[in-house]
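This briefing summarises the fold, the surface and selected local features of the structure shown below.

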Amino acid sequence: QVQLVESGGGSVQAGGSLRLSCAASGYTDNTYCMAWFRQALGKERERVAGIGPGRVYGTRYADSVKGRFTISKDNRKTTLYLQMDSLKPDDTAMYYCAAALDYEGPPTLARAEYNYWGQGTQVTVSS
């Protein structure tokens, strides 16, 4: 099992930046994909970005955040990050960190593959 705790959310004006963190504990041997998802009020949870284990599989991004968000991982600290730049009001949502312990392969943004989730951190972008 793995425990995930997000932090770094907050309120920012459009065009600003935020950096989200997700601290992992428990099973942290860097052999599984991790990702960020988000859920706006009244909408379904959607993919944001994913990163594969180690340095082999790379990263994937939803079209809506490409060029603005960057996912990264500090394996020594077992921490996942999401650097969010050029934020827009449409980015307002609860952001969730997720881990896919039973999935083997390149980074995936398929929600069904992720079986461990954090509690979320709120991001609010005002115009």
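Helices (H or I, at least four residues) and strands (E, at least two) are taken as DSSP runs and numbered from the N terminus. On that basis, the protein has zero helices and eleven strands. The radius of gyration, taken over C-alpha atoms and compared with a globule rule of 2.2 Å times the number of residues to the power 0.38, is 14 Å; this is close to the 14 Å that the rule gives for 127 residues, so the protein is as compact as a globular protein of that length.

**Basis of the model**
- The model is predicted: local features need pLDDT of at least 70 and side-chain atom pairs count only at pLDDT 80 or more, while totals for chains, interfaces and linings use all residues.
- Residues are numbered from 1 along each chain as its sequence is written, and side-chain values use heavy atoms, with hydrogens and water left out.

**Overall dimensions and surface**
- The C-alpha trace spans about 40 × 30 × 25 Å along its principal axes.
- Buried residues (under 20% relative accessible area, with exposed over 50% and partly exposed in between; 1.4 Å probe, protein chains only) make up 45% of the 127 residues.
- By the Shrake-Rupley method with a 1.4 Å probe, in which only the protein chains shown count as cover for residues, the accessible surface comes to about 6,700 Å², and 45% of it belongs to carbon and sulfur atoms.
- Of the contacts (heavy atoms within 4.5 Å) between residues at least 6 apart in sequence, 60% join residues at least 24 apart.

**Strand pairing**
- Two strands are said to pair if DSSP finds at least two bridges between them.
- Strand S1 (residues 2-7) pairs with strand S3 (residues 18-26) in the antiparallel sense over six bridges, and Leu4 stands opposite Ala24 in S3.
- S3 is also joined to S8 by six bridges, and these two strands run antiparallel; here Leu20 has Leu82 in S8 as its bridge partner.

**Asp74**
- Asp74 lies in strand S7 (residues 69-74) and counts as buried because its relative accessibility is 15%.
- Leaving aside residues up to four places away in sequence, Asp74 touches Thr79 and Tyr81.

**Ser86**
- Ser86 is located in the loop between strand S8 (79-84) and strand S9 (93-100).
- Most residues other than glycine have a negative phi. Ser86, although not a glycine, has a positive phi of about 50°.
- With a relative accessibility of 39%, Ser86 counts as partly exposed.
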